[in-house]
Amino acid sequence: AVTTERVAGKPWQAIHNVSRPTYTVYPPKGKNTGAAVVVFPGGGFEILAIDLEGSEVCDWLTARGITCVLLKYRVPGIPYDWHCDCRAHNFAIPVPALQDAQRTIRLVRQQASAWHIDPHRIGVLGFSAGGYLVAQASTNYDLPVYKPVDAADRLSARPDFAVAVYPGHLAAPDGFNRNVPVNRRTPPTFIVMAEDDHVDGVEQAQAYYNALKEADVPVEMHL
């Protein structure tokens, strides 16, 4: 289901009730850099802001010679389902979304040659809840969240780089979400957030930045 809403006077599309994950590949325009980015739209794991935080960033990436893969991951996603009184703690792993993210990264890596992509230059970029999914994909890439189905699942689900745009679910009362196991193999990360973000709060970006710095992961943050 698709509904059109407005943000700052601009219309945008929200996709609801995605039960079957799909991805759309946007080929690069002009010179192909060989890099690819899998994009995770935001929406609180309830909906997907598919254009404002999806196809629009793909237009930006492809204009710079980067292949964009826009993922429609399943929403609402357990345990983040607002339709019932079962919404879990904000620090839980978004299992269906992570399953879809891991599978997509592996499929892109499998298709790297056919799509003229460097299999070692596949990154992820996400907004808000999608930014949290970026952190999950960047740290829980070896977590077996689904049973392998074919040869693609023998490939690595680790992104080579990551971009988290106003991510959520990261700042915990004790400092950081323990379900995001940052380590030295977490990919280099770029974080950007508005200081007056009152939805997720700037402390979300700061908490992730601090965890990455402590693990000696290359990271850059713009507030």
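Beyond its neighbours within four places in sequence, Gln206 is in contact with Met221 and Leu223. Gln206 belongs to helix H4, and the model in which this is seen is a predicted one.

- Gln206 and Val192 stand 14 residues apart in sequence, and their C-alpha atoms are 9.9 Å apart in space.
- Helix H4 covers residues 202-214, and its 13 residues should span 18 Å at 1.5 Å a residue, which agrees with the 19 Å that separates its end C-alpha atoms.
- The buried residues of H4 are Val202, Gln204, Ala205, Ala207, Tyr208, Ala211 and Leu212, and they pack against helix H3 (129-139), strand E9 (189-192) and strand E10 (219-222).
- After H4 comes Asp216, a residue whose phi is positive, near 60°.

- Apart from neighbours within four places in sequence, the residues in contact with Asp200 are Ser128, Tyr166, Pro167, Gly168 and Met193.
- With one of these residues, Ser128, the side chain of Asp200 forms a polar contact of 3.2 Å.
- Ala135 is 65 residues away from Asp200 along the chain, and the C-alpha atoms of the two are separated by 15 Å.

**The largest pocket**

- The largest pocket holds about 520 Å³ of space, and among its 24 lining residues those nearest its centre are Gly43, Gly44, Ser128, Val199 and Asp200.
- By class, the lining of the largest pocket consists of 12 nonpolar, 8 polar and 4 charged residues.
- Strand E5 (47-49) and helix H1 (51-62) each contribute at least two residues to the lining of the largest pocket.

- The buried residues of helix H1 are Asp51, Glu53, Gly54, Val57, Cys58, Leu61 and Thr62.
- Among the elements that cover these buried residues of H1 are strand E2 (10-16), strand E3 (22-26), strand E4 (36-40), E5, strand E6 (67-72) and strand E7 (122-127).

Technical notes. Residues are numbered from 1 along each chain as its sequence is written. This is a predicted model: local features need pLDDT of at least 70, side-chain atom pairs count only at pLDDT 80 or more; totals for chains, interfaces and linings use all residues. Side-chain values use heavy atoms; hydrogens and water are left out. Helices (H or I, at least four residues) and strands (E, at least two) are DSSP runs, numbered from the N terminus. The expected span of a helix is 1.5 Å times one less than its number of residues. Buried means under 20% relative accessible area, exposed over 50%, partly exposed in between (1.4 Å probe, protein chains only). Contact means heavy atoms within 4.5 Å. On a 1 Å grid over the protein atoms alone, a cavity is a set of points where a 1.4 Å probe fits but cannot get out, and a pocket is an open set with protein on both sides within 12 Å along at least five of seven lines; lining residues have an atom within 4 Å of a point. Grid points are joined across faces, edges and corners, and a volume is the space filled by probe spheres set on the points. Ala, Val, Leu, Ile, Met, Phe, Trp, Tyr, Cys and Pro count as nonpolar, Asp, Glu, Lys and Arg as charged, and the others, Gly among them, as polar. A polar contact is a pair of N or O atoms within 3.5 Å; within protein, one must be able to donate a hydrogen and the other to accept it, and residues adjacent in sequence count only if both atoms are side-chain atoms.
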